Structure formats: C-alpha cells, structure tokens
Amino acid sequence: MSRPPLGRLIADTRRRRGYSQTRLAALLCAAAGATTVTRHEVSRWERGDRLPGAQWLAWLALVLDLPPAWLAAAHPVDRPAPADGVTRLQQLAERWLRHAVHGDAAPGESRGSSDRRAAGQLDRHIAELRRMDDLVGGADLAPVARRCWAQAADRLHRARGADRRRLLRPVAELAQLAGWTAADAGDRTAALRAYRAGLVLAMEAGDPALGAHVLGGASHLLCEADPGAAWRLARIAAAGARQDGSPGLRALLAHRAALAAARAGDGRAAQDGLLVARRLGDRVRAEHEPSWLYWLDPAELAAMAGRCLVALDRPARALPLLEQPGLRRPRRGQPRTRAVYAGWLARALLGVGEVEQACAVGADAAVEAVRAGSVRAAEQTRELSVRLAARPQTRAVRDLSELITQLTSYLPGSSTRPGVN
C-alpha cells in the first residue's frame, strides 16, 4: 500500500493526535531541546513548501508515534542511501529513547542460578579493565577489552532466562568499554559497532542510565568528525536519562552536547549546555553515582567546561578551569588525562597569545599521549600543531610541530583523524 505524501502524512497524524500546529511545534522543540521550529514551519512542511531535514524527521517520528520508515518512505527522495554506522546508531538511539521513556524495567533476578558466579566474575573483570583504562591508552587496551567483551557475549548468547538477565548489564558495560577503548585507539568503525551492541543490551536489560552512557560515549567519538550527529546523540541520551539518570550522568551528557554544539558552531546551544551541566554538577555526590562514573569529579567537570570554552573561542575564561593542579597531576596519575587536558590548555594559552608557554605545555601533552598509547590524546596535540602552523615560525613553534609529528607517528591510527577529543 502506498503512503501519502509527507506533508499530508504529518497533517493527518497531527489531527488524529489532537495536536494543533502550535502544539506540534512545541512538542518537537521540547524533544529536540531546540527552539527553531515554529507553527509556521510546521505549516510549510504540511503544505509541501519546505521539507524537514533528517534530524526533524526523526523527532517527528518520535512525537507523532510513527514508524520512522513511514516518514522516510513519504519523503520525496528517489532512494535513500545505505545506512552507515553513524546512521544505524542514530536509528537505534531513537528506538532506545522510546523504550527508555515508555519501556518497562528489566525483570527481577531469581536465586540459585549457575550464572550468578559468572556475573560476579564479569564485574571483577570490568573493574580491572576500568583501572587499566586509567593508566593505559586504547592502542594497548582495545584488543584486551574487545576480547573480554567477545567472550562475555558468547556466554550471554548461550544463557537463557534469569541467567541471561543477570549477564545483560555486565556484558553491556563491557561493550561500552570496548567502544571507548576502540575510539581511544582511533578505530571508529569498531567503536561504533561496540556502542550499537552495548545500547541493544542496555535496552534489553531495562537500564536507561547505562544506555545513555553508551550514547554519550558515541557522541564523544563523533564530536569532531560529525558534530551534528554527536549533538543529536547527546540530546537523545539526555532525554532518555532525564527520569532515571544520576546528576553526574546528566551533567556529563550536557557537557557532551555542549562540546558538540560548540564544534558545530552553535554557540548559544553550547552555552545552554554548559549552564545545565553546571547546575547538575553542583548536585553530584560520588556515593550516589553509578560505578562506571567513578572518575567524574569536580575537577573533571570544570575541565570539560574549559575545553568547551576553548572550542567557543573564549580562551581567557577557559584558562582557570584547565590550569587546576588536579588536572596537571590527576590523583590517579592517568597519562591520557594529562595529555588531553594539557592539549586543551595549550590551545587556550595560544588563544591569549602565550605562544611560548603553549608550546611548552603542548610538548608535555604530546609526550604523555604517546606514553599513554592514546590516539585520541595524540590527535588533540596534532590539532594544536595545525593551529601553530598559522603562527610566526619561531623556534619553539618549529620544535613543537616536529616533536608532535615524530611522536604521534608511533601510534596506530594516527594517520587518520578518529574524530574524538
């Protein structure tokens, strides 16, 4: 059966739902966290004078409770392009959001299962991997995390009933770790694959907070290469975590959205995200946060605000946030943390004209990036090198650019930009 044209489908469905054009516009803005759709825009869509973009098609499907495929089929495009990894993740995220908002919690666990011990073993493996991630970058850790995830996924595949339910959350956490470490190793394809799997498992487990964390990691992965997709994933994650997410998780997602908006050139959305993150950050209490957010502390939250301000070209405001002693010497001693935030600090210093100091900090960042085995951190220093190329070629600038080129060439994936920072 053929579908009606897109405008008529929107109008007919809106009327069946009892929505006015004004009400539909308000619902779309609330879902997307934006204010760019008005009653007049909805009217133009329904008349066929204008077409909603892919982002608004997805929100229309959610608000009008229509299968996204119906809207896509009614869209006057000859043939949709094959879905890539990002598109597939976005489609899955929209389905996850519907489940997070309307789905039921996972069934309770029964006692006496043989896989209770297996779940405990996985929890211990996860804790060990997270401790390793504090010290080792993705270049070394990604194969280990991928292997642990694959073994756990095989065990989950063979489990049934309560045994399966008990294994869902730890396997979802392992998928998230596999995605995070693959991103840190510069392997975007493997990271997206792991994040999709983790989101499916979190959905089956009835754990919207963990699903939102998975999407937050995917947003971070895409932030530079595709900031529009990164912003959208972060907003979807925030919407799904609004009810059950802890203040720390919601603050983290607000920071993810703010950085993506800044990368996309939307300063107002970025500032709004920073404001939300600051308000939520004031409510963070470590004892009330999930175990996988053990690393989120006031220094980290401030530094995330600082890097967003650098991306917004406000380096003077960013400097005090990025110069905290806890970042230059993190309490857990992570070389990647030092490398990433030293890279942002160097960019802030460059922005206020402190070229010599920026070069000194940038050199430290490059060394720590290679010491950590983190392509993500190395790309941050490489971006600094690109910015320095536009500056007068003083000796400090030339020396740092050469150092960054030499050091990052030792990391796998450093010849291509993984789109994470």
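A salt bridge (a side-chain nitrogen of Lys or Arg within 4 Å of a carboxyl oxygen of Asp or Glu) joins the side chains of Glu368 and Arg371 at an N to O distance of 3.2 Å. The model is predicted, and local features are reported at pLDDT of at least 70, side-chain atom pairs only at pLDDT 80 or more, and totals for chains, interfaces and linings over all residues. Residues are numbered from 1 along each chain as its sequence is written, and side-chain values rest on heavy atoms, with hydrogens and water left out. Because Glu368 and Arg371 lie 3 residues apart in helix α19, about one helical turn separates them; helices (H or I, at least four residues) and strands (E, at least two) are DSSP runs numbered from the N terminus. Burial is assigned from relative accessible area with a 1.4 Å probe and protein chains only: under 20% is buried, over 50% exposed, and the range in between partly exposed. Glu368 therefore counts as buried at 12% relative accessibility, whereas Arg371, at 55%, is exposed.

Salt bridges that share partners also join Asp133, Asp184, Arg336 and Arg376 into one network. Arg376 is buried, as is Asp184. The count of salt bridges comes to 16.

The helices that carry Arg336 and Glu368 pack against each other. The axes of α18 (residues 335–351) and α19 (residues 355–372) come within 8 Å and cross at roughly 160°, where axes are lines fitted to C-alpha atoms, for helices over the stretch in contact, and angles between N-to-C directions run from 0 to 180 degrees. The two helices are therefore roughly antiparallel, a class assigned to angles over 145 degrees, as against roughly parallel under 35, roughly perpendicular from 65 to 115 and oblique for the rest. In their contact (heavy atoms within 4.5 Å), residues of α18 including Arg336, Ala339, Ala342, Gly343 and Leu349 meet residues of α19, among them Val361, Gly362, Ala365, Glu368 and Arg371. The residues of this contact comprise 13 nonpolar, 3 polar and 4 charged; Ala, Val, Leu, Ile, Met, Phe, Trp, Tyr, Cys and Pro count as nonpolar, Asp, Glu, Lys and Arg as charged, and the others, Gly among them, as polar.

Gly362 is also a reference point for Ser401, as the C-alpha atoms of these residues, 39 residues apart along the chain, are separated by 9.4 Å. Ser401 is placed in helix α21 (residues 395–408) and is buried, with a relative accessible area of 15%. Residues up to four places away in sequence not being counted, Ser401 touches Ser385 and Leu388.

In helix α3 (residues 39–47), the buried residues are Glu41, Val42, Ser43, Trp45 and Glu46. Gly48 follows α3 and has a positive phi, near 85°.

Overall, the chain contains 21 helices and 0 strands. Of its 421 residues, 54% count as buried. Among contacts with a separation of 6 or more, 72% involve residues 24 or more positions apart.
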